[in-house]
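Biologist: Hello! Could you show me the structure, so that we can go through its rings and its packing together?

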Amino acid sequence: MIDNKKIDELYLKDIIKKSDYKVYSGDKITEEMINEIRILDKKFFKEEHLWESDYQLQLFNKNKNSIIMVKYNNKCVGYLNYLVITKEKYEQMVNSNTIIDEFILDEVTTFYKSKKNYLTINSVVIDKKHQDSHVIKLLTKKLKRILKQMNSDKYKIAGINSFAVSTDGRKFLEKLGFEKKKELEDNYCLYVLENESLKKYLK
């Protein structure tokens, strides 16, 4: 027998849970939030692999929509960072047999209407306590909304790439429609979203 009251209680509980998550991007991202990202990164990366706060802020200022953050009870529990990069940098990443995840400021740009835009999803980090929640859905939904809007506003997106090393990372990119281009050293994989797959994603 189906207990409708119990179902209603579970549904209400789920709605309340979801309402505790808030998504931030663009002008809603503050310098303090950039520091929160660094704190979250320290749980997953060694110090030598962390970006300096000033450098991360400079990258963010190149494109205010490049960081999407999810907070739970006003605490950063996940973020997604993408960069708009030069065509030359994009091609270097795609043609390399090793992972490229370091950028000088001149290689990072902003969206242009006058030429094609190339992106890389640089990092997706979610607090371990929230990895089974819908944080990843909030991040990817917001990313798609931003990129669809940019493309609709005549900022032509020609390609997006990303590297993955974990099984979850690969599943994440494949679910977005990325195609595995090649295997790299140290178990990394290069994924790309181009041509028809990109058009489908941006519809």
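Biologist: Which residues do ring pairs link into a cluster?

Modeller: This is a predicted model, where local features need pLDDT of at least 70, side-chain atom pairs count only at pLDDT 80 or more, and totals for chains, interfaces and linings use all residues. Residues are numbered from 1 along each chain as its sequence is written, and side-chain values use heavy atoms, with hydrogens and water left out. Rings of Phe, Tyr and Trp (its six-membered ring) pair if their centres lie within 6.5 Å; planes under 30 degrees apart are stacked, over 60 edge-to-face, and the rest tilted. Ring pairs of this kind join up a cluster of Tyr82, Phe111 and Tyr155.

Biologist: How many aromatic pairs does the structure hold, and why is the pair of Tyr21 and Tyr72 called tilted?

Modeller: The structure holds four aromatic pairs. For Tyr21 and Tyr72 the ring centres are 4.7 Å apart and the planes are at 45°, so the pair is tilted. Tyr21 lies in strand β1 and Tyr72 in strand β2, so this pair ties together parts 51 residues apart in sequence; such strands (E, at least two residues) and helices (H or I, at least four) are DSSP runs, numbered from the N terminus.

Biologist: Is Tyr21 buried or exposed?

Modeller: Buried means under 20% relative accessible area, exposed over 50%, and partly exposed in between (1.4 Å probe, protein chains only). Tyr21 has a relative accessible area of 13%, so Tyr21 is buried.

Biologist: What kind of aromatic pair do Phe111 and Tyr155 form?

Modeller: Phe111 is in the loop between α4 (87–95) and β4, and Tyr155 is in the loop between α5 and β5, 44 residues apart. Their rings are 6.2 Å centre to centre, with 70° between the planes, which makes the pair edge-to-face.

Biologist: Which residues have the most contacts inside the largest nonpolar core?

Modeller: A nonpolar core is a set of buried Ala, Val, Leu, Ile, Met, Phe, Trp, Tyr and Cys residues joined through side-chain atoms within 4.5 Å. The largest has 31 residues, and its largest share, seven residues, comes from α5. Those with the most contacts inside this core are Tyr82, Leu147 and Ile160.

Biologist: How many disulfides are there?

Modeller: Cys189 is buried at 0% relative accessibility, and Cys76 is buried at 7%. A disulfide needs a pair of cysteine sulfur atoms within 2.5 Å. By that rule, the number of disulfides is zero.
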